[in-house]
Amino acid sequence: MKNKFNISKLVRPNVLALKPYSSARDEFKDAARTMTFLDANENPFETNINRYPDPQQHDLKTILAKQKGAAISQILLGNGSDEVLDLIVRAFCEPRQDNVITLPPTYGMYKVLAEINAIENREVLLTKNFEPNVSKILKTQDANSKVLFLCTPNNPTGNVFSKDLIEQLLESFNGLLVIDEAYIDFSETESWLSRLEEFPNLIITQTLSKAYGMAGIRLGICYASTEIISILNKIKPPYNINSLTQVTATQKIRDIKKLNIDKSLILRDKERLKEVLLQLKFIDTVYPSQANFLLVKVDNATKRYEQLLDNGIVVRDRSSQPLCENTLRLTVGTPEENNTLIKILKGIL
Ligand SMILES: *Cc1c(COP(=O)(O)O)cnc(C)c1O
């Protein structure tokens, strides 16, 4: 597809021309001899954290590349996927000139990032079935539409978008398509990572914050063509992933067994919760979910939210989002937490 696709036309001119900050360490870290580093004004006494972290996170990327089947040159890491998303906006969108397209109801951060960077956010609502409205998206785009944000499984609706519709967008959208796969590890569907080579305008973001259980270390992952990654590398802060995060992620990401145990407990309890919720009179709909949360439509979201709060349970009221009137989003907790939730929900009736 897309012989016409030309990444250098999408990049902001100043970013294209930019000479990135380079640390001396970058140039010499692969030297064959053991070097004495007197270049960065660090404290020389060894504590494991007295040196600056590897700006290219080589060890962590090596494991990720192997696990996910990507090349190291197709990976960029961020301080959470929020940093990755921000880098994408800043590399490609010219303030007060370009626009991004988002598909509400969806993750609120895309809009916030557009606003912070003075980029117009064009919103095209999902259809009633929570699918992208392809014809409307294509009508909404213009020459300044640089990025389309698409979240699948979508937050807060929980559904996976149709493969066919995403393919249509990959073929027809003029800018970059960012597929946010924060919840992909809970889903039965395959990641779009396997299609990276096919689509030069595809960017995929994932995170260790959800299924991997490492929200506290802040690690977001971006997969894209080598060309796109090298542009993002130019503007990322040199030491954006700290040493503690690199070490912890490198160790824990190998533990696929823990990932699978946690995942199966969460998915099992999601079904258990769903069955209970469907029996409650004040719950109208439990939407199908391929994530670790359930979106439910209730009779009166404010009232039910307050009742849960009075009982010490915090959920997310999503009613202010379009197509989500009177909805609450419930994260699946530990079996004990879910028991508590069930007991309280039944008591409210
Ligand atoms: C939770 C979430 C993220 C994760 O963001 P991090 O900064 O990596 O913690 C990204 N996208 C969506 C849609 C999310 O729900």
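Is Asn48 buried or exposed? In this predicted model, Asn48 has a relative accessibility of 69%. The cut-off for exposed is over 50%, so Asn48 counts as exposed.

Asn48 also stands out in its backbone. Most residues other than glycine have a negative phi, and most peptide bonds are trans. Asn48 is not a glycine, yet its phi is positive, near 80°. To find Asn48, look in the loop between α3 (24-28) and α4 (58-68).

Arg218 brings up a positive phi again. Its value is about 60°, and Arg218 is not a glycine either. Here the loop runs between two strands, β6 (202-207) and β7 (220-223). How exposed is Arg218, and what is its relative accessible area? The value is 31%.

Now turn to the peptide bonds. Which residue does a cis peptide bond join to Pro104? The partner is Pro105, and omega is about 0°. Pro105 sits in the loop that lies between strand β2 (99-102) and helix α6 (109-116).

A cis bond also leads from Thr152 to Pro153. Omega there is near -5°. Pro153 belongs to the loop between β4 (145-151) and α8 (163-172).

Asn48, with its positive phi, lies between α3 and α4. Pro105, joined in cis to Pro104, lies between β2 and α6. Arg218, with its positive phi, lies between β6 and β7.

Methods
Residues numbered from 1 in each chain as written. Predicted model: local features only at pLDDT ≥ 70, side-chain atom pairs only at ≥ 80, totals over all residues. Heavy atoms only, no water. Helix = DSSP H or I, 4+ residues; strand = E, 2+ residues; numbered from the N terminus. Buried < 20%, exposed > 50% of the residue type's maximum accessible area, 1.4 Å probe, protein only.
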